[in-house]
Amino acid sequence: MSELHTPQAGDDAAPDNDVVSLLMRQHGDIRNLFDEVEASTGEARQEAFHRLVRLLAVHETAEEEVVHPFVRRSVAGGDEVVEARLAEERAAKETLSDLDDMDTGDPKFMPRLLALRTAVQEHARAEERYEFVHIRRSADAAALASLAKGVKAAEAMAPTRPHPGVESATANVALGPVAALMDRTRDAVRTAMGRD
Amino acid sequence: MTFNPLEQRGIPLDRQLRNWRELNVTPIDPDHCDPYTRCRIITMNGIEVEAIMFSHQLARNTVDPEVKRQLARTRYIEAQQQKVVNWLLPGVSSVLETTIAYEQVAVDLTAWVARMEPDPYLKQAYQFGVLEDFDHLYRYANLYEMIEHRKAESIVEGLTEVMPGRPTKFHHRHPTDNVRDPYVKDETNPLSKLHALTIMSAEQQTMNFYMNTGPTYMEPIARQLYQEIGLIEEEHVTHYESLVDPGETWWEQLVNHEYNECYLYYSFMEQESDPKVKAIWELHLNQELEHLHIACDLMRRHDGRDPESVLAPQLPDVLTFEPNKAYLRELLDTQIDLTTLGAGYVREAHERFEKMQEQIHGGEAPPSERVMTQHDEMFGREYRVETEGEHPDPALREK
């Protein structure tokens, strides 16, 4: 395997002034984390899984707060597009909170992780093909940038790769449960978008 | 090997039609499949697309309505085969992800064929071409990390290295210099005919794929890179199709097509790691055996010749997807600065080449160079997978 590490969205030097590009890179980040969880064992797997859960939580919250409202407002038939995506997200979130309580060494963990991975990947491509295309078509550069700002605010809430020497379990405890993280992400997005 | 397709009978044609349930195959899992399973799928799709289009061209040049009906019957089954094979690719893959797999096919299929090709002139044609596909893989891999934050490594999985080949900007040659000399049909090794048909079909499918999917991208650099590499695929199809002897009759060509399909389905059946996909290769082989018999009958009837006179007495060794890293490194070390002049190869940039370069680049860096600049701006480095050490050409090592 190559030693190269792809930084998470926000940590590369992309201008991040286009919400669609930003979210597509985040979809890749999520997929990378699934790879990392599958490839690791023991504590490393537990740690990678915690980062995955939190990135998923933050990403989905950002989409709910930033992307879906825009599509509802600005796209003809947007309500139907969003409803279909929300149904997928609800299903993924249920699996996510079940998994979050589970020991990654549990024999039931991997099959459920793989099921979640499939659901998340299908959801991500559906967003890219049926939702993001509408955003790019109906949003001007200023709107794309403003939406990106909201997503960036959410992203700041997600833990990135741990630095060597930092005790990751402690960091994860400090982040608290997924639901609380989603609440904090929601607040951060609303503040950034001037909607609080 | 003792498998002789001419002596085997397959499934009768009137029992080959599949219903919707049978056509509705389960796609491979892009995150857990054997990369070479995906390569075999992409290859066979290219082969089936060529089978369909060749049969259409033949039908358009056929006067006898009874023969037209016979061609239509076989072609409908080939169209079903293409649907089954290409529908093994998953909907969750992006176009760019599939593109990287197409380039992995181009690299490892062409390299293997170059290694096995007995004719030195044909071998040179494959060696020349593979260094260009190799560079395309590297450019698309950098685009992939920019757009999707994914590494090409997650697709090629260490089987194929990702690093510069002959730089893409130098692939734009005057069209005249893309035409090779053909093999001589009655003198060449039958294996050479199969190789030429296989690589031509694979490159043609790559050309079709890029020309149709390139504009689905919104990112300017992606649109432009597909345009640039799409035009090189046009050169590659010209390069490889000109290797085939145009003196072969339509019926002889039909027989060669069907025989090649038998050869490839047999080869892939022998090495397939995914049991569901293996079952498809086996079924399709059994269908192709019958298509071959029908083609042989047509050749006997219309050419008054025996197909055995143009075919190998038995199947050659199986065509294999496997890593070709050492071979490619040797070519990178020795053939990177080649270009073509007429039907041959030279090391110096000649006048016609330079004129073409000047005109197409218009004094600017082409998309294949700009993608690297933009990638560097985003990540402060390039994307490469060098599993066997640094690049053999010191000039192409990462700075």
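User: What pattern does chain A follow along the sequence?

Analyst: The model is predicted. Chain A has seven helices and zero strands. Read along the sequence, the pattern of chain A is α-α-α-α-α-α-α.

User: What percentage of the residues in chain A is buried?

Analyst: Chain A has 196 residues. A residue counts as buried if 20 or more other C-beta atoms lie within 10 Å of its own. By that count, the buried share of chain A is 39%.

User: How far apart are the end C-alpha atoms of residues 19–129 of chain A?

Analyst: An unreviewed UniProt entry places the feature "domain: Hemerythrin-like" at these residues of chain A. The span 19–129 is 88% helix and 0% strand. Its end C-alpha atoms are separated by 15 Å.

User: Which element gives the most to the side of chain A that touches chain B?

Analyst: In the contact between the chains, 20 residues of chain A meet 19 residues of chain B. Two or more residues on the chain A side come from each of α1 (19–39) and α4 (109–138) of chain A. The element that gives the most, with seven residues, is α1(A).

User: How many residues of that side of chain A are charged?

Analyst: The side of chain A that touches chain B includes six nonpolar and five polar residues. The charged residues there number nine.

User: Are α2(B) and α4(B) roughly parallel or roughly perpendicular to each other?

Analyst: Helix α2 (residues 35–60) and helix α4 (residues 95–116) of chain B pack with their axes 9 Å apart, at an angle of about 90°. Angles of 65 to 115 degrees count as roughly perpendicular. The two helices α2(B) and α4(B) are therefore roughly perpendicular.

User: How many nonpolar residues does the contact of α2(B) with α4(B) have?

Analyst: From α2(B), the contact uses B:P35, B:R38, B:C39, B:I42 and B:T43. From α4(B) come B:A101, B:Y102, B:Q104, B:V105, B:D108 and B:L109. Two residues of the contact are polar and two are charged, while the number of nonpolar residues is seven.

User: Is B:L298 buried or exposed?

Analyst: B:L298 is part of helix α10 (residues 275–303) of chain B. Leaving aside residues up to four places away in sequence, B:L298 touches B:W251 and B:L254. Because B:L298 has 22 C-beta neighbours inside 10 Å, it counts as buried.

User: How far apart in space are B:L298 and B:P366?

Analyst: In sequence, B:L298 and B:P366 are 68 residues apart. In space, taken from C-alpha to C-alpha, their separation is 49 Å.

Notes
Residues are numbered from 1 along each chain as its sequence is written. Chains are lettered from A and ligands numbered from 1 in the order in which they are written. This is a predicted model: local features need pLDDT of at least 70, side-chain atom pairs count only at pLDDT 80 or more; totals for chains, interfaces and linings use all residues. UniProt positions are given in the numbering used here, feature names are shortened, and annotations may be inferred rather than shown by experiment. Helices (H or I, at least four residues) and strands (E, at least two) are DSSP runs, numbered from the N terminus. Two residues are in contact if their C-beta atoms, placed from the backbone, lie within 7 Å. Ala, Val, Leu, Ile, Met, Phe, Trp, Tyr, Cys and Pro count as nonpolar, Asp, Glu, Lys and Arg as charged, and the others, Gly among them, as polar. A residue is buried if 20 or more other C-beta atoms lie within 10 Å of its own, exposed if 12 or fewer, and partly exposed in between; C-beta atoms are placed from the backbone. Axes are lines fitted to C-alpha atoms, for helices over the stretch in contact, and angles run from 0 to 180 degrees between N-to-C directions. Angles under 35 degrees count as roughly parallel, over 145 as roughly antiparallel, 65 to 115 as roughly perpendicular and the rest as oblique.
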